[in-house]
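Subject: Structure for your review

Dear colleague,

Here is the structure to look over.

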Amino acid sequence: MRRMRVFENIDELVAAKGEHLGFGEWHEITQEQVNLFADATLDHQWIHIDVEKARKGPFGGPVAHGYLTLSLVPFLVKDIYTVKNIKMGVNYGSNKVRFPQPVLVGSRVRAGVELTEITDIALGKQLVTKVVIEIEGSEKPALVAEIVSVLVP
């Protein structure tokens, strides 16, 4: 298991601006997970859920939805870093989201996080992190996104 980066307070996090904060654990994308996401979002495109047809398709098998990959960001990032002595942190949005490589079912993915921006806002601090979700064994990442969060002291 990787070591989580722990910031005692927001000021310590501010001092880490521009740093790569680390990588999370690997997570396997399963067909069940893809099917459940398809049901939740009503996106039942065959490249995701029809295993036999997808094997003959352009990717050689079923692939995760791009938005499933994006929705895994909080889970994949949770063990990379934490900030203590705050009331809460909330997701605020995403910028420049790209899906350079499809994630085949059965692949393992992990996140890496770089702290790129911190600005003062009325509630506290707004963070922008560059999150790259890697696919094990692939040179191209599954996702590159700027994730915007708010931390309330």
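Salt bridges

E52 and R55 form a salt bridge, with the closest N and O atoms 2.6 Å apart (a side-chain nitrogen of Lys or Arg within 4 Å of a carboxyl oxygen of Asp or Glu). This is a predicted model, in which local features need pLDDT of at least 70, side-chain atom pairs count only at pLDDT 80 or more, and totals for chains, interfaces and linings use all residues. Residues are numbered from 1 along each chain as its sequence is written, and side-chain values use heavy atoms, with hydrogens and water left out.

Both E52 and R55 lie in helix α4 (residues 51-55), three residues apart, about one turn of the helix. Helices (H or I, at least four residues) and strands (E, at least two) are DSSP runs, numbered from the N terminus. E52 is partly exposed, at 47% relative accessible area (buried is under 20%, exposed over 50%, partly exposed in between; 1.4 Å probe, protein chains only).

R110 also forms a salt bridge, with E134, the closest N and O atoms being 2.7 Å apart. R110 is in strand β6 and E134 in strand β7, so the pair ties together parts 24 residues apart in sequence. R110 is buried, at 13%, whereas E134 is partly exposed, at 23%.

E136 forms a salt bridge with R108, with the closest N and O atoms 2.8 Å apart. E136 sits in the loop between β7 and β8 and R108 in strand β6 (residues 108-121), 28 residues apart. The count by this rule is eight salt bridges.

Regards
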